[in-house]
Amino acid sequence: MEASDQERGSQQLDLEAITRKISLLDKWREIFSFHRLGTSNTAPQDPDGSRVFADESEDGACAPQPRGQGHLPSGHLCCVPKASIISSRSAGSPISRAMAAKLRQSLFANTGHIFSRDWRRACFSFHDPFSDLAFALEAGKGGARSIQMAVQGSILKYLLFARKGIDCNLPSLCAVSRQEQGRALAAALAGILWAAGAAQKATICLVTEDAYVTSTPHCSGDDFTEQLQLFELLEQEATERFIYDHLQCFKGEGSHGVILFLYSLIFSRTFERLQKDLDTSTPHLLRPHAGGFLCRQAVLNMILTGRASPNVFNGCQKGESQETLHGVLTRSDVGYLQWGRHASEGDRLPQVGSMLKTPRFPIWLCSINGNYSILFSTNRQLLSDWKMERLFDLHFLSGQPSQKKPVLLTVDTHSHHWERDPHEDEHRPGRHFSPVEMAIRTKWREATINWNGTVPFF
């Protein structure tokens, strides 16, 4: 009995020594959190009012332990060397051959196409925290860029207007930490998927270690779609927590994060709803371009509104053959503006309706000459008080690698040509015909835009 007590005491000392060593190795905290026995299901609050997830570490990493609805797996799913791949023993539903084929049909109109290298490399990675672009994603090139910039709008919505106790200004955006970046991404993705699932459920696709579908001559393999498991979540908060616990699956290099999000978006919407959303003008979601694929408007509208509406006008309209064309049915949280150079040459772009042009929050995804960017205001009241729209500031985020900080634009909607600076050259290239200004004028006609010392973008 005495020996047994000594043995237990020795074991206790060993455990205490191990615990002290672990506490000194912060970078391994996420690994050892797998072995923590007690976890509360209640998400405590930070001083800023944000939820704190139990497995968070100071840099935003967390132990990938999905929880929420009882049917979710409770074992550890991934490890540091392969953080973007989860265990095949997870409790998700493996993708079937029929589901994979239907997914390809919805995207490409056939099962033989696969994503290009640009798509496969695209993920949701932020710029450095505590920098001029701490709030911004590093947008890539190719078709995935439009999805990244659309998600950027929801990230800004969270960082500016959802955090309690945080000032809505540019300095607060530049002061975002890595942990806050993770929270913002999780909240943005979860909110988009929850809306696509009609506020009933969200489906999240993650890559596992094993393949569940083999490629055939009629269905090409890409070495990750065949390895998907699908996880259904029945509450938005649980969806956000699940994504936060698996952030590396969406933001890690080599994670195929944008494709996984697009897959999750389609499965959350369901094939049945998707079929009802689309019309004869848009039978599938991607279109071929320069050896790759670009997103059709239906994908962007699904991110912005939850519905895969193929058009940007309000409601429904009749086409040239009297077919019904589907537009936007509800006011979006994040808006949409578009302008194209060819629009002034007789080939007009469809006019954006008020549902997208006047969103609930002063944030707009912009398609300017086919390039995607973001305009936003830090003033929540901009679109709810007409007096605010006389003279106001917008921030422009191009998403281009060359941009080191957002551009401040001052918009004056009540100025007149006789009030302009007499020394200002109206014919100076880039001043009065900047595509960015033209996009702004699709919302505020006749507005004058002051670039505040920045050379206007073409």
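The buried residues of helix α12 are Gln297, Ala298, Val299, Leu300, Asn301, Met302, Ile303, Leu304 and Thr305, where buried means under 20% relative accessible area, with a 1.4 Å probe and protein chains only. This helix spans residues 297-305 and is mostly covered, with 9 of its 9 residues buried. Glycine 306 follows α12 and has a positive phi, near 95°. Helices (H or I, at least four residues) and strands (E, at least two) are DSSP runs, numbered from the N terminus.

The model is predicted: local features need pLDDT of at least 70 and side-chain atom pairs count only at pLDDT 80 or more, whereas totals for chains, interfaces and linings use all residues. Residues are numbered from 1 along each chain as its sequence is written, and side-chain values use heavy atoms, with hydrogens and water left out.

Helix α5 (residues 144-161) contains glutamine 148. This glutamine is buried, at a relative accessible area of 2%, and its side chain reaches the backbone oxygen of cysteine 123 at 2.8 Å. Apart from neighbours within four places in sequence, glutamine 148 is in contact (heavy atoms within 4.5 Å) with Ala122, Cys123, Phe124, Leu137, Glu138, Ala139, Gly140 and Val258.

Values for the protein chain as a whole are as follows.

| Property of the protein chain | Value |
|---|---|
| Helices and strands | 14 helices and 13 strands |
| Residues that count as buried | 51% of 458 residues |
| Accessible surface | about 22300 Å², 51% of it from carbon and sulfur atoms |

The accessible areas come from the Shrake-Rupley method with a 1.4 Å probe; for residues, only the protein chains shown count as cover. Among contacts between residues at least 6 apart in sequence, 65% join residues at least 24 apart.

Key. Buried means under 20% relative accessible area, exposed over 50%, partly exposed in between (1.4 Å probe, protein chains only). A polar contact is a pair of N or O atoms within 3.5 Å; within protein, one must be able to donate a hydrogen and the other to accept it, and residues adjacent in sequence count only if both atoms are side-chain atoms.
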